[in-house]
Amino acid sequence: MNGISRLATVITLASLFPLNAHAADSKGAVEVVHWWTSGGEKAAVDVLKAQVEKDGFTWKDGAVAGGGGATAMTVLKSRAVAGNPPGVAQIKGPDIQEWGSTGLLSTDTLKDVSKAENWDGLLSKKVSDTVKYEGDYVAVPVNIHRVNWLWINPQVFKQAGIDKAPTTLEEFYAAGDKLKAAGFIALAHGGQPWQDSTVFEDVVLSVMGTDGYKKALVDLDQKTLSGPEMVKSFAELKKLTGYMDPNRAGRDWNIAAAEVINGKAGMQMMGDWAKSEWTAANKVAGKDYLCVPFPGTEKAFAYNIDSLAVFKLNADRKGDIAAQQDLARVALGKDFQKVFSVNKGSIPVRTDMLGDMSALGFDACAQASAKDFLASDKSGGLQPSMAHNMATSLAVQGAIFDVVTNFMNDKDAAPAKASAQLASAVKAAQ
Ligand code: BGC
């Protein structure tokens, strides 16, 4: 059974239960399920909360801790099965289509607001297609994250005698050797499946290029998944794992980011939500920290678009529906798009802002990200992130996560065996 029918079967049960009636204590209330719980992420989501409250609605925070969102998605599914979904939830990529097919997302709520605010004109087609179900908006996209970044503490580099950011895998390993020799953690990392696969997809992009990445992790081509370039990717992943702290198991991504911020570690491979932690610590891009594309991925942009999906509410919950609409209107507004991305580390999703980043006051990392986003959209380098739910169903993603994490935790694991396992695990999950 594929992911869609699996989710649909489970969710059909939800129709046995009535949706929760809710007594609004203001103009209306909106509960938002999300996983923005680190210091920097919280600062970002608080901007949305404040604006919705200013507009006279009640914000019910449905935060579920856990980077990458796997726990939040489990909570969301069980709430849907119990007939008690929230008004709005952070759902991304192809998963939006799965939820759309259950009939639980609203195809009506965003109709007027999307027309009045000209969403079709503001968003690139790639983005609007992701957040529409059968032609109707069912989610509002809030930002664009780039996943293939390397974060560097230049003070630590200096102390280890490294004078420039690495641009090739060889330079990366050379920098890692110097950092280790100087007593630093070379590569800060948290041993959680989504973080392991974030690193894995960077390595695949570096070794196989954007075409190979697309064939393997987007098109799920069996030959490419088990082919020589994938074997090489696993071999590089193994080498790279040797630069991570052996005590990394279970560590949250923001704790790993703090190790770089506090000068214990030299580098972190992480999407640009990591910047939210630097910003929250009052550090300045280009001065206190460097952001560079992971070596070998300069022409690629692995994108990850956060979006907030809107659930269907009973028609008599007029105030709550108005709250959903207000949140969606705010989320794509120019002011919010700027403040949210400044705090979150991302770039706006509105195309009319991406060409204007320096005038809008965005920092060096955000300016580079927007420039690379626009260029890679033309060159074919713009690819959906597998690790961040943008490329595959959650079932296929879970199968990839298992193979990658097992490989990284087994020092005797063989690259050729891992790529064969990857191909068969993906096939079984499809
Ligand atoms: C989300 C980001 C979030 C990160 C860490 C990603 O999948 O897209 O918004 O900051 O996970 O939790």
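A cavity is a set of points, on a 1 Å grid over the protein atoms alone, where a 1.4 Å probe fits but cannot get out, and its lining residues have an atom within 4 Å of a point. The model is predicted: local features need pLDDT of at least 70, side-chain atom pairs count only at pLDDT 80 or more, and totals for chains, interfaces and linings use all residues. Residues are numbered from 1 along each chain as its sequence is written, and side-chain values use heavy atoms, with hydrogens and water left out.

Three cavities of 30 Å³ or more are counted; a volume is the space filled by probe spheres set on grid points, which are joined across faces, edges and corners.

| Cavity | Volume |
|---|---|
| Largest cavity | about 100 Å³ |
| Second largest cavity | about 40 Å³ |

The second largest cavity is lined by Ser-124, Lys-126, Val-127, Tyr-303, Ile-305, Phe-373 and Leu-382. Of the 14 residues lining the largest cavity, Trp-35, Glu-41, Gly-68, Trp-273 and His-388 lie nearest its centre.

An automatic or database assignment sets the domain bounds, giving domain 1 (30-145 + 305-364) and domain 2 (149-302 + 378-429). Each domain contributes at least three residues to the lining of the largest cavity. Between them the domains bury about 1,900 Å², 57% of it on carbon and sulfur atoms; buried area is the accessible area (1.4 Å probe) that two parts lose on being put together, summed over both. Lys-92, Pro-94 and His-145 supply 23% of the area that domain 1 buries against domain 2, more than any other three residues.

Notes. 1 Å grid on protein atoms, 1.4 Å probe; cavity = no way out; pocket = protein on both sides within 12 Å on 5 of 7 lines; lining within 4 Å.
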